[in-house]
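I set out to record, step by step, what I looked up in one protein chain. The entries below follow the order in which I consulted the structure.

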Amino acid sequence: APFLKRVDSEKLTGFLQRWVPPRGGHNSVVKVEWVDGLAPDLVSICSRTTKVSLQCPRADPEMRTATFEGSERDSSESPVVCPKLRLHLLEVCANIRAHVHSSSGGLRHLKRMTGLFKVAAPAGRLMFL
């Protein structure tokens, strides 16, 4: 997205990752609040989608891109109810838990995790942010 290239480097803090283009005209992110041992149907999984299109020239970049990290008034939240997507997200969380356990030599055990995911365009791949 061209508007992402116009950045005031004096105001930057933290770190950035590669931009993952959304599947539609609005940015959307899925948040999973996973807890070890909690029944899958009780795990909180919701998505947040920007109200303003990514291509809207009148809106600032934050309004076009920010989901969970932005203002609640600029995006809308809805639960993820698709059983196939929910199952896939829970499998990824379990794989992350197993990876942390094995890469720490068995010393680290994730008990809970909040993960942000994006369904990337055009193939619809699930990306862990």
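How many helices and strands does the protein chain have? I found two helices and five strands. I note at the outset that this is a predicted model.

**Overall figures.** The protein chain has 129 residues, and 30% of them are buried. Among contacts with a separation of 6 or more, 60% join residues 24 or more positions apart.

**The sheet.** In what order do the five strands lie in the sheet? I read off β3-β2-β1-β4-β5 for this open sheet, with antiparallel pairing. The edges are held by β3 and β5 (126-128), each of which pairs on one side only. On average, neighbouring strands are turned by 30 degrees against each other, direction ignored.

I next examined one pair in detail. Six bridges link β1 to β2 (residues 44-50) in the antiparallel sense. For K31, I found the bridge partner in β2 to be C46. I also checked what α2 does here: α2 packs on the sheet and touches β1, β2, β4 and β5. The direction of α2 makes about 60 degrees with that of β1.

**The nonpolar core.** Which residues have the most contacts inside the largest nonpolar core? I listed V30, V32, W34, I45, L89, C93 and F117, in a core of 13 residues. At least two core residues come from each of β1 (28-35), α2 (83-103) and β4 (112-119). The largest share, four residues, is that of α2. As general background, I note that nonpolar side chains in soluble globular proteins tend to be buried together.

Setting aside neighbours within four places in sequence, I found W34 in contact with V43, L90, C93, R97, L110, K111, R112 and M113.

**A loop residue.** I then turned to T67, which lies in the loop between α1 (61-65) and β3 (75-79). Is T67 buried or exposed? T67 counts as buried because its relative accessible area is 1%, against a cut-off of under 20%. Leaving out residues up to four places away in sequence, I recorded that T67 touches N27, S28, V29, R48, T50 and S75.

Note on methods:
Residues numbered from 1 in each chain as written. Predicted model: local features only at pLDDT ≥ 70, side-chain atom pairs only at ≥ 80, totals over all residues. Heavy atoms only, no water. Core = buried A, V, L, I, M, F, W, Y, C linked by side-chain atoms within 4.5 Å. Buried < 20%, exposed > 50% of the residue type's maximum accessible area, 1.4 Å probe, protein only. Contact = heavy atoms within 4.5 Å. Pairing = 2+ DSSP bridges. Axes fitted to C-alpha atoms, helices over the stretch in contact; angles between N-to-C directions.
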